[in-house]
Amino acid sequence: MTTEQTSPAPALAEDDVDLIETTSDASLERTRRRSDAIEREIAEDPTRFRILTGDRPTGNLHLGHYFGSLLNRVRLQDAGVETWVLVADYQVITDRDGVGPIRERVLSLVADYLALGIDPQRSTIFTHSSVPALNQLMLPFLSVVTDSELRRNPTVKSELEATGDRAMSGLMLTYPVHQAADILFCKANLVPVGKDQLPHLEQARVIARRFDERYGRAGDGSRPVFPRPEALLSNAPNVLGTDGQKMSKSRGNAIELGMDADTTAKLLKRAVTDADRHITYDPVLRPEVSNLVLLTALASGRRPEDVAAEIGDGGAAVLKKAAIEAVNEMLAPVRARRAELAADEGYLLDVLRRGNEHANAVAEATLGEVRQAMHMVY
């Protein structure tokens, strides 16, 4: 124990509050303009950027993930951006009592990534639990955030409201800090996000700045240890589940990437529509019908308005048939490749081993800089 006086965590600066608590229209527009500029910069020189992205292994990936984030990851990788893909196995237990079939789900994620085009020669695929130095960053990071600040985070707030009388775990409360460690350990300077994830990214930016202000800098002191990562806002369409609600692993309304064609057909045949036989694309007034139209359009590379016009008075049966054919045709090569990969567990484990080795080397180097900045090199 030390008797040295300690200073309280720094007060929130105006830019800290902006996205942690709320995302105003003005700040969102600024972020969108900057995101558009980043896309132009990527086209000019992709080597300037390093992205961090990933998923919790809580179930199988589905079409919502496919159109919402997975295609974009492959696009950025293929454009030449250094890509890090996290299998966030520790985050499974933020809001659950156990890990479930964790090994099976981790390998399933890896198989999905590879089948979709994530190349382990160009991208680093790794797991939380295999990178101790990443998780050790939680300690200094927690020292620069406050309890009330974390409770204002939208994800933490929604979890707190949903728990009722059940106590929220410390891991759930510090979830935004763990995400900051994910981003900052590899010094990612770009994170693909939807607008709902902006508060998490802003928390990482706040932590990077506060660490610099409180503890110091790396090397000769000319640069901060951590960059302030920027957002690459997603323009991905919102694909609903077959019941018209958000597509989710837990709702049973998702078309999973690993499903066979017959199961996909059965689920889409049961998809919710409405009583109007004439098919139109109107996401506001006809969300369920429009979702099937959109899904058909995305899977076939067409405009949803053109799909709706072609089906016209064909009704829901014709629309569902078109959706089934388009989705199954689009996913056929992915599913074939995925089946090959899933049958070769040794290869999947080798991909993870090599990714974890690379992640560990980078994390140890970053932790070394952190110790140096904190004068903890003994």
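In the predicted model, the centres of domain 1 and domain 2, taken over C-alpha atoms, are separated by 31 Å. The domain assignment of the chain places residues 42-238 together with 345-374 in domain 1, while residues 249-343 are given to domain 2. Domain 1 is therefore written as two segments of the chain, with the bounds of domain 2 falling in the numbering between them. To the contact between the two domains, domain 1 brings 22 residues and domain 2 brings 19 residues.

The area buried between domain 1 and domain 2 comes to about 1700 Å², and 69% of this area lies on carbon and sulfur atoms. Charged and polar pairing is also found across the interface: the count between the two domains is 1 salt bridge, and 5 residue pairs are in polar contact, with both residues of each pair at pLDDT 80 or more.

On the side of domain 1 that touches domain 2, the elements that supply two or more residues are α3 (63-79), α4 (102-116) and α16 (345-373). Of these elements, α4 gives the most, with 6 residues. When the residues on this side of domain 1 are sorted by class, 12 are nonpolar, 7 are polar and 3 are charged.

Methods
Residues are numbered from 1 along each chain as its sequence is written. This is a predicted model: local features need pLDDT of at least 70, side-chain atom pairs count only at pLDDT 80 or more; totals for chains, interfaces and linings use all residues. Side-chain values use heavy atoms; hydrogens and water are left out. Contact means heavy atoms within 4.5 Å. Buried area is the accessible area (1.4 Å probe) that two parts lose on being put together, summed over both. A salt bridge is a side-chain nitrogen of Lys or Arg within 4 Å of a carboxyl oxygen of Asp or Glu. A polar contact is a pair of N or O atoms within 3.5 Å; within protein, one must be able to donate a hydrogen and the other to accept it, and residues adjacent in sequence count only if both atoms are side-chain atoms. Helices (H or I, at least four residues) and strands (E, at least two) are DSSP runs, numbered from the N terminus. Ala, Val, Leu, Ile, Met, Phe, Trp, Tyr, Cys and Pro count as nonpolar, Asp, Glu, Lys and Arg as charged, and the others, Gly among them, as polar.
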